[in-house]
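Biologist: Before we discuss this model, could you set it out for me, and begin with the terms that you will be using?

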Amino acid sequence: MKYFTLKELTKTSTGFPNIPDEEQTGNLECLVERLLDPVREQMARPVYVSSGFRCPYVNELVGGVPNSQHLTGEAADIYCDDNQLLFDTLRDHFDFDQLINEKPVNGIPRWVHVSFKRNGKNRRQVIGECRTKEDETRLDLDPASYPADTARPLPPELQFGQLAKVLYDEEHKTLSIETAGKNRITLNDDGAGILLEDQYSNRIIMNASGITIESAKDLSFKAKNNITIDAGVNLEEKAKSNLTMKGLKIEAIAQTSLMLKGTAQAELSASGQTVVKGALVKIN
């Protein structure tokens, strides 16, 4: 392999191991030897790989079709600064199994899918346009906007290594960013909401009903100065066990009526003076 490496052909943004076996590695080497290196040399310009080999789990995560040749190491998605020339050169000068013009704009591919069978007959199947679930993992990219070799942009498949993965569901209009530690942010235009959740099952939910904060254990609010809670209608505090309020001074003011009630016991006491006032004071 002259211009490409095994690492380049097995990279994945999912953060999961993506290691080909001996047979799949042989297929990748054959793909490079028969197509990728020769087309790169004939065009005399850099050619980049956005997606090569995929193990079954990685293929499922990125929305690849079950019979994808990426699974066998026989296919690669590639791009350069002239994808039309890349597509035409492969079609007119090379033997291949499948050649796909992926998500074209004005007929020009955004990237090119090409495959080669090391064992068996290559069909030379050319497909003008392909829109599959694999498209959901791609980002628009203008190849003409980056310089050659020395400054590669992020390829259409985002590369975050072991840090995080990005999942996009076009049907449900959902975008999720999930770290390797299972911390996730989900933006959902279909359900009109935002969800933040961590590996400990703590959640913040924002939707048309408002904001909900859920804690699997304790929930603490701390401020160096003041904390203000202002409710437009009702403010309700509940505790299944004890409810404790402490402060140098606690003041409760009701505009109309104030009720303090204990179903079993109630106590009003002070270590100093205790004052009970009213126009009319009733005890029992």
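Modeller: Helices (H or I, at least four residues) and strands (E, at least two) are DSSP runs, numbered from the N terminus. This is a predicted model, in which local features need pLDDT of at least 70 and side-chain atom pairs count only at pLDDT 80 or more, while totals for chains, interfaces and linings use all residues. Residues are numbered from 1 along each chain as its sequence is written, and side-chain values use heavy atoms, with hydrogens and water left out.

Biologist: Is Asn-18 buried or exposed?

Modeller: Asn-18 lies in the loop between α1 (6-10) and α2 (22-43). Buried means under 20% relative accessible area, exposed over 50%, and partly exposed in between (1.4 Å probe, protein chains only). Because its relative accessibility is 6%, Asn-18 counts as buried.

Biologist: How many disulfides does the structure hold?

Modeller: Cys-55, one of the contacts of Asn-18, is buried with a relative accessible area of 13%, and Cys-30 is buried at 12%. A disulfide is taken as a pair of cysteine sulfur atoms within 2.5 Å. The number of disulfides in the structure is zero.

Notes: Contact = heavy atoms within 4.5 Å. Lists of a residue's contacts leave out its neighbours within four places in sequence.
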